[in-house]
Amino acid sequence: SSSSSSSSPTTINWSDAKVTFPRVLKVATAVPSLLPSIVSGLVVSVGALTKAVQQPAERALLEWIRISDNSDDSSSTTTTTNSRAEALAKALLDLLSSKQATQKRVFLPLLKTYEILLHRRVFLQVTEFASSNKVLFDLISQQLITWQEQDQDDIACGLAATSVLLGLLSAHKNNDDDETTTTNNRRILEFVVGFLLHSEYPRIRKYTADQLYVRLLEEPGILIQLVEDNLDRIHNLLLQGAWELDDTTDDMCRELAECMNLSFVPRRRQRNQQQQQQQQQQQLQCRRCHTNWYDCHERFIEPWITTVSTMRH
């Protein structure tokens, strides 16, 4: 009986995330053509809200990219790691370009996955990723603008997009394509200042200011044609500015853009005066007789109060 029990197949607990994700990624290694399909499901788990799912998924993905540090052939390990990172970068970009990414349940986890990978510098050695920054920026910024125009803004998506876009900023380095770097940085910074820092949500504005301040401390070389005298002024605006207040946002964004030598193109949704008046009238409209609330109060409510008070006396 002992021999029969030892030869029985091992039962796999597929409900255990620590077991499932590493095995699924092994399938991606064995059958590379399945990687896009696996990634489309994996990013939802990596960007999940529950730690029981998010942490095992993130750990499995990072270990799959890194492979093993104990490999005897370090050059082979590095090559394989870079090839997996390149394949992952392409699969993520394809997913972001797909129709699925127009749904917030996919777009938000996808941004969080990018945020984790950029923070871990997974794409640092991927040459194609640097050239795809423009496409990545265009897809993210256009989706945010589209939702804004449709009055479907989402604070969580705005916060995640801030982290990803600031992570795409690159410092100028020797022997690097300075022109491409300058163009990418300028487009990203102009969007950050004109859209995210100029958002109608105070939480997004404050978070963006804090994250941009930290990013500039880490790599001040990302600023374009910066006048040294403006650096302290930029830091003070980001760190001490009252970004929670709507009244001061416009002036601070313009001043910040001027310090950074950027074009300020405000993208905040502006409701026209006629729409605002219609909303105010609807708020002042009596639900019962559909007339102006003040007229209704004068015609019906005041005489009723007078009658009741008279009856009491």
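# Helix packing, a cavity and selected residues

Asn261 has a relative accessibility of 32% and therefore counts as partly exposed. Buried means under 20% relative accessible area, exposed over 50%, and partly exposed in between (1.4 Å probe, protein chains only). The model is predicted, so local features need pLDDT of at least 70 and side-chain atom pairs count only at pLDDT 80 or more, while totals for chains, interfaces and linings use all residues. Residues are numbered from 1 along each chain as its sequence is written, and side-chain values use heavy atoms, with hydrogens and water left out.

## Overall make-up

The protein has 15 helices and zero strands. Helices (H or I, at least four residues) and strands (E, at least two) are DSSP runs, numbered from the N terminus. Of the 313 residues, 38% count as buried. Take the contacts between residues at least 6 apart in sequence: 64% of them join residues at least 24 apart. Contact means heavy atoms within 4.5 Å.

## Two loop residues with positive phi

Asn261 sits in the loop between α13 (246-259) and α14 (273-283). Its phi is near 60°, a positive value in a residue other than glycine. Arg121 also has a positive phi, near 55°, and is likewise not a glycine. The loop that holds Arg121 runs between α6 (104-119) and α7 (127-131). Arg121 is exposed, because its relative accessible area is 54%.

## Helix pairs

Two packed helices are described by the angle between their axes and the distance between the axes. Axes are lines fitted to C-alpha atoms over the stretch in contact, and angles run from 0 to 180 degrees between N-to-C directions.

| Helix pair | Angle between axes | Distance between axes |
|---|---|---|
| α2 and α4 | about 35° | 9 Å |
| α6 and α9 | about 35° | 9 Å |

The handedness is given pair by pair. α2 and α4 make a right-handed crossing. α6 passes α9 in a left-handed crossing. Left-handed means the near helix is turned anticlockwise from the far one by less than a right angle; right-handed means clockwise.

On the α2 side, the contact with α4 uses Ala17, Lys18, Phe21, Pro22, Leu25 and Thr29. The α4 partners are Ala52, Val53, Pro56, Ala57, Ala60, Leu61 and Trp64. By class, this α2 and α4 contact holds 11 nonpolar, one polar and one charged residues. Ala, Val, Leu, Ile, Met, Phe, Trp, Tyr, Cys and Pro count as nonpolar, Asp, Glu, Lys and Arg as charged, and the others, Gly among them, as polar.

Helix α9 covers residues 155-168. α6 meets α9 through Phe107, Leu108, Leu111, Tyr114, Glu115 and Leu118. From α9 come Ala156, Cys157, Ala160, Ala161, Ser163, Val164, Gly167 and Leu168. The contact of α6 with α9 divides into 11 nonpolar, two polar and one charged residues.

Thr29 belongs to helix α2 (residues 17-30). Thr29 counts as partly exposed because its relative accessibility is 39%. Leaving out residues up to four places away in sequence, Thr29 touches Trp64 and Arg84. Thr29 and Trp64 are 35 residues apart along the chain, and their C-alpha atoms are separated by 8.8 Å.

Ser45 is part of helix α3. At 13% relative accessibility, Ser45 is buried. Its contacts, not counting residues up to four places away in sequence, are Phe21, Val53, Gln54 and Ala57. Phe21 also takes part in the α2 contact with α4, as do Val53 and Ala57.

Glu58 lies in helix α4 (residues 51-66). Glu58 is buried, because its relative accessible area is 16%. Beyond its neighbours within four places in sequence, Glu58 is in contact with Val46, Ile116 and Arg120.

## The second largest cavity

The structure holds two cavities of 30 Å³ or more. A cavity is a set of points, on a 1 Å grid over the protein atoms alone, where a 1.4 Å probe fits but cannot get out; lining residues have an atom within 4 Å of a point. Grid points are joined across faces, edges and corners, and a volume is the space filled by probe spheres set on the points.

The second largest cavity has a volume of about 40 Å³. Its lining is made of Val39, Leu42, Val43, Val46, Leu61, Leu88, Leu92 and Thr113. α3 (35-46) and α5 (74-97) are the elements that give two or more residues to this lining. The largest share, four residues, comes from α3. By class, the lining has seven nonpolar residues, one polar and no charged.

Methods. 1 Å grid on protein atoms, 1.4 Å probe; cavity = no way out; pocket = protein on both sides within 12 Å on 5 of 7 lines; lining within 4 Å.
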